[in-house]
2 protein chains.
Amino acid sequence: MSTIKDVAEKAGVSISTVSRTLTSSAPVMEETRQKVLEAVAELNYQPNTVARGLKVGRSKTLGLIIPNYQSLVFPDAIKGITDALDDFGYNLVLGDTYDNLEREEQLIEGLRMRMVDGLICSTATRTSTHLLQLKEEGFPVVLLLRHLNEDIDAVIADNYQGGFVGGNYLLNKGFTRIGFINGSLELDLYRQRYSGFQNALSAKGVEKDQRLMAHGHKGWQGGYYAMLKLLNQKPFPEAVFATSDPKAFGAIKAIHESGMQIPQDISVVGYDNLEFSQLINPPLTTIGQPFYDMGRMAAQKILELINRDNRKEAIVDKFPVELIERGSVREK
Amino acid sequence: MSTIKDVAEKAGVSISTVSRTLTSSAPVMEETRQKVLEAVAELNYQPNTVARGLKVGRSKTLGLIIPNYQSLVFPDAIKGITDALDDFGYNLVLGDTYDNLEREEQLIEGLRMRMVDGLICSTATRTSTHLLQLKEEGFPVVLLLRHLNEDIDAVIADNYQGGFVGGNYLLNKGFTRIGFINGSLELDLYRQRYSGFQNALSAKGVEKDQRLMAHGHKGWQGGYYAMLKLLNQKPFPEAVFATSDPKAFGAIKAIHESGMQIPQDISVVGYDNLEFSQLINPPLTTIGQPFYDMGRMAAQKILELINRDNRKEAIVDKFPVELIERGSVREK
DNA sequence: CTGAAAGCGCTTACAG
DNA sequence: CTGAAAGCGCTTACAG
């Protein structure tokens, strides 16, 4: 690959002049400009982003940290991020943490050694104090999907609303014995969904039954085992609200294996509107989140933080969610 | 963030000495070493990878190019790649092409400006001549999942075998009118699967019926519409082999919507063994590919290419596939 | 064993 | 408008 030096030689000018015509950071005589551009074209010269980054203190690279690549909520969000970044010449380097704090800290260190200009993190748990520290150092961070507190910029969905809407929907269909399969309470998003659901119940005067609350470990397996437990209750719940589509899929598997039909015997509502949720039989009624838009927004925010860091107060953007009615719930 | 200069000052040595103790590129007196290490610890110094990269011509960064983030075959492969890379301090920067050649070329240019040490590409189509050019320049490239020709290192699955095994399985179950829903013939992998399937048929003396061959466009929708066509045949096929799980999901949706049962009325075999395929009802019989292992292998190969570029002949690693029997095929 | 110097490929004051 | 010089944060011959 040719360097700025090669171009300067071929064009018969100094490297300063080459740099100036390429960055248009200072006026260059039209004739000189042309000579330089020709040389650039002939040599197929591409400026070295790394060298430039070292000089100007901007790498034009962002870090993205997610808990794991296998989770299906991220592809759309990543797409949103990269689409927003494309216009600005930014690249994304990524890492997954498996929700391991130590690993996450190492990852962030590695990213900073690489001079990333900012970080989009989709990993915040209650223990994520290191993120606060980054922010205090003035390092641009925005949280995506997972919320920590009001001190760090974040782009999240309205999880409380999602829990409420899902619960309310089932209530309106006439159900009162509703199973609730939740995820880890380490995550604010699950606490919010839970609280929204509870409030929907109390608003309708339905008493809370602790035995109908099940904790679903990660992935569809979590939903499967949680549902198995719920099925052991007598009488078992007439409807189930799972706080992620994979958990719903697992629950559905458990229900089918028990020889029951959805929605005839049990109704189920999921959460996420994964592409897959429309493909099962019956198609899953679920709470949809605008992952793509949230990704886009996160990218925009991080660029803002990078370009004018004067802002002090963090802003948390909360996107509305949407109930998507399909075939997994019946009228009671 | 502190620099090597800060460390040198604090330790009372030259920056050369700091560099040497940190890279252990030359002997340093134990006492000096300790002083340096202390200073490093106190300042929480992290060497700047970008600066180092510029000097030594290695960025410790790899590019990964895939057609799109939404495709579900990549998460496992990416996981394999990053797991293999972790031990070597390599990071991944990624891009998606939407199978757009121009965009891919731009992406690669951008990556090279960023001095990535090598590229893992999962995008090769028949038009990917630019990849050959990279390879000729001596730039490390390995193809993943998608094959181009024997001139570039690649890690792929045995797609011919997959087509053959799937076809043969259905034949052994007693079916002869088998629909085949394929993907784009721009991709070698689909040509291979098709050819494997055809050979399974001819080996059993089953005549090829062009009307049973359907082309499925991208995603589950492709499988859905292809199946709709197949369903219009009289008599319609008694079994269907879809060359991707999403296509199979779409086909299944179409079958269900026609009021038919799987496998009672039509048997179906998918391809990929996506996590999801075990969650539908009935669970999908499919051809499994070792995505994670292939990702790992691709990472290993690219590191090899980077570290000893003496090798001239390309090596194509072909991983075996596996038929995973579940509930979507009946005995005729 | 250690330091001063050169240099990776750029950008950007500083002179002219 | 243009060039020579300094410098981003490192590594690595070159001297000693």
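This is a predicted model: local features need pLDDT of at least 70, side-chain atom pairs count only at pLDDT 80 or more; totals for chains, interfaces and linings use all residues.
The size of an interface is often expressed as the accessible area lost when the parts come together. Between chain B and chain A, about 4,500 Å² is buried, and carbon and sulfur atoms account for 56% of that area. On the side of chain B, the residues that lose the most area to chain A are B:M113, B:R114 and B:L279, which together make up 15% of what that side buries. The contact involves 48 residues of chain A and 47 residues of chain B.

Polar interactions also span this interface, with 31 residue pairs in polar contact between chain B and chain A, both partners being at pLDDT 80 or more. The elements of chain B that contribute two or more residues to the side touching chain A are helix 4 (49-56), helix 5 (74-86), strand 2 (91-96), helix 6 (101-113), helix 10 (219-232) and helix 11 (245-257). Of these, helix 5 of chain B gives the most, with seven residues. Four salt bridges are found across the interface of chain B and chain A. A salt bridge links A:D96 to B:K79, with the closest N and O atoms 2.8 Å apart.

Both partners of that pair have a further salt bridge within their own chain. In chain A, A:D96 is paired with A:R103, the closest N and O atoms being 3.1 Å apart. A:D96 counts as buried, at 0% relative accessibility, and A:R103 also counts as buried, at 13% relative accessibility. In chain B, the side chain of B:K79 meets that of B:D83 in a salt bridge with an N to O distance of 3.9 Å. These two residues are separated by about one helical turn, because they lie four residues apart in helix 5 of chain B. B:K79 has a relative accessible area of 10% and is therefore buried; B:D83, at 17% relative accessibility, likewise counts as buried.

Over all chains, the structure holds 35 salt bridges. One of them joins B:E137 to B:R112, the closest N and O atoms being 2.8 Å apart. B:E137 is located in the loop between helix 7 (129-136) and strand 4 (141-144) of chain B, whereas B:R112 belongs to helix 6 of chain B, so the pair ties together parts that are 25 residues apart in sequence. B:E137 counts as partly exposed at 49% relative accessibility, while B:R112 is buried with a relative accessible area of 14%. Elsewhere, A:K79, A:D83, A:D86, B:D96 and B:R103 are joined into one network by salt bridges that share partners.

The largest nonpolar core comprises 146 residues, and A:M227 and B:M227 have the most contacts inside it. Apart from this core lies another, of 36 residues, which includes A:I152, B:A124, B:L131 and B:I152. Beyond its neighbours within four places in sequence, B:M227 is in contact with B:I181, B:V240, B:A251, B:A254, B:I255 and B:I266.

Two local sites were examined further. A:S244 is placed in the loop between strand 8 (239-242) and helix 11 (245-257) of chain A and counts as buried, at 6% relative accessibility. The A:S244 side chain reaches the backbone nitrogen of A:K247 at 3.2 Å. When neighbours within four places in sequence are left aside, A:S244 is in contact with A:Y190, A:Y271 and A:D272.

B:G288 forms part of strand 10 (residues 285-288) of chain B and is buried, its relative accessible area being 7%. The C-alpha atoms of B:G288 and B:E322 are separated by 5.0 Å, although the two residues are 34 residues apart along the chain. Apart from neighbours within four places in sequence, the contacts of B:G288 are B:D272, B:N273, B:V321, B:E322 and B:I324.

Methods. Residues are numbered from 1 along each chain as its sequence is written. Chains are lettered from A and ligands numbered from 1 in the order in which they are written. Side-chain values use heavy atoms; hydrogens and water are left out. A nonpolar core is a set of buried Ala, Val, Leu, Ile, Met, Phe, Trp, Tyr and Cys residues joined through side-chain atoms within 4.5 Å. Buried means under 20% relative accessible area, exposed over 50%, partly exposed in between (1.4 Å probe, protein chains only). Contact means heavy atoms within 4.5 Å. Buried area is the accessible area (1.4 Å probe) that two parts lose on being put together, summed over both. A polar contact is a pair of N or O atoms within 3.5 Å; within protein, one must be able to donate a hydrogen and the other to accept it, and residues adjacent in sequence count only if both atoms are side-chain atoms.
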